[in-house]
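Hi everyone, thanks for making time this morning. I'd like to walk you through one model, so let me put it up on the screen.

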Amino acid sequence: MTVADYDAAVAFYRDVLGMPESAEYVSEDGGRVVILEAGRATLEIGDSPHARYIDELEVGRRVSGPVRVAFQVDRVDAATSAAVEGGAQLVADAVDTPWGSRNSRLDAPGELHLTLFEDRNTAG
């Protein structure tokens, strides 16, 4: 993702959400990029009615745009609090979903709409 405030975005995703840094590069003109490990990735493709359903369930109204990134965390309530303290804007507190996860919503640095989720099906 391309961001206006590189340092704030890196600090949020690396330091607040705990994504390990695997590489950082500087271009000839001083531009910077960092590669953070985000774990296993999947691509979820849905239509507008499904996106509306998920937004209503998790937030109570339609809020997400065409891209929403979801990160699995160990403890969603603690991770959500840390994310807000680290610069994210809370959109909705965590809710329990019908499919067994607990999900919160945030607007994160870098203008990214974000879901943090704890999978209660595998939680110990």
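Let's begin with charges: how many salt bridges does a search of the whole structure find? The search gives 11 salt bridges. Please keep in mind that this is a predicted model.

Let me pick out a few of them. R68 and E44 meet through their side chains, at 3.9 Å from N to O. R68 sits in the loop between α2 and β3, and E44 in the loop between β2 and α2, so this pair ties together parts that are 24 residues apart in sequence. E44 is exposed, at 61% relative accessible area, while R68 is partly exposed at 27%.

Next, R102 and D77, with 3.1 Å between N and O. Here strand β5 provides R102 and helix α3 provides D77, so the pair ties together parts 25 residues apart in sequence. R102 has a relative accessibility of 15%, and because buried means under 20%, R102 counts as buried. D77 is partly exposed, at 39%.

Then there is D96 with R120, whose closest N and O atoms are 3.6 Å apart. D96 belongs to strand β4 and R120 to the segment after β6, 24 residues away. Through shared partners, salt bridges join D77, D96, R102, E118 and R120 into one network.

Now for the strands. β6 is mostly covered, with six of its eight residues buried. β6 runs antiparallel to β5, joined by eight bridges, and parallel to β3, joined by four. In the β5–β6 hairpin, which has three residues between the strands, G110 takes a positive phi near 90°.

That brings us to the largest nonpolar core, which has 16 residues. Among those with the most contacts inside it are F71, L106 and L114. α1, α3, β5 and β6 each supply at least two residues of this core. Leaving out residues up to four places away in sequence, F71 touches several others, including Y13, M19, L114 and L116.

Finally, helix α2. Which residues of α2 are buried? They are I54, D55 and E58. These cover an arc of only 100° around the axis, which puts them on the same side of α2. The buried residues pack against β4, β5 and β6. At the start of α2, a side-chain oxygen of D47 comes to within 3.0 Å of the backbone nitrogen of H50. Just after the helix, G60 takes a positive phi of about 100°.

That's my tour, and I'm happy to chat.

How values were computed
Residues numbered from 1 in each chain as written. Predicted model: local features only at pLDDT ≥ 70, side-chain atom pairs only at ≥ 80, totals over all residues. Heavy atoms only, no water. Buried < 20%, exposed > 50% of the residue type's maximum accessible area, 1.4 Å probe, protein only. Arc of directions from axis to C-beta. Contact = heavy atoms within 4.5 Å. Polar contact = N/O pair within 3.5 Å; in protein donor to acceptor, adjacent residues only side chain to side chain. Core = buried A, V, L, I, M, F, W, Y, C linked by side-chain atoms within 4.5 Å. Pairing = 2+ DSSP bridges. Salt bridge = Lys/Arg side-chain N within 4 Å of Asp/Glu carboxyl O.
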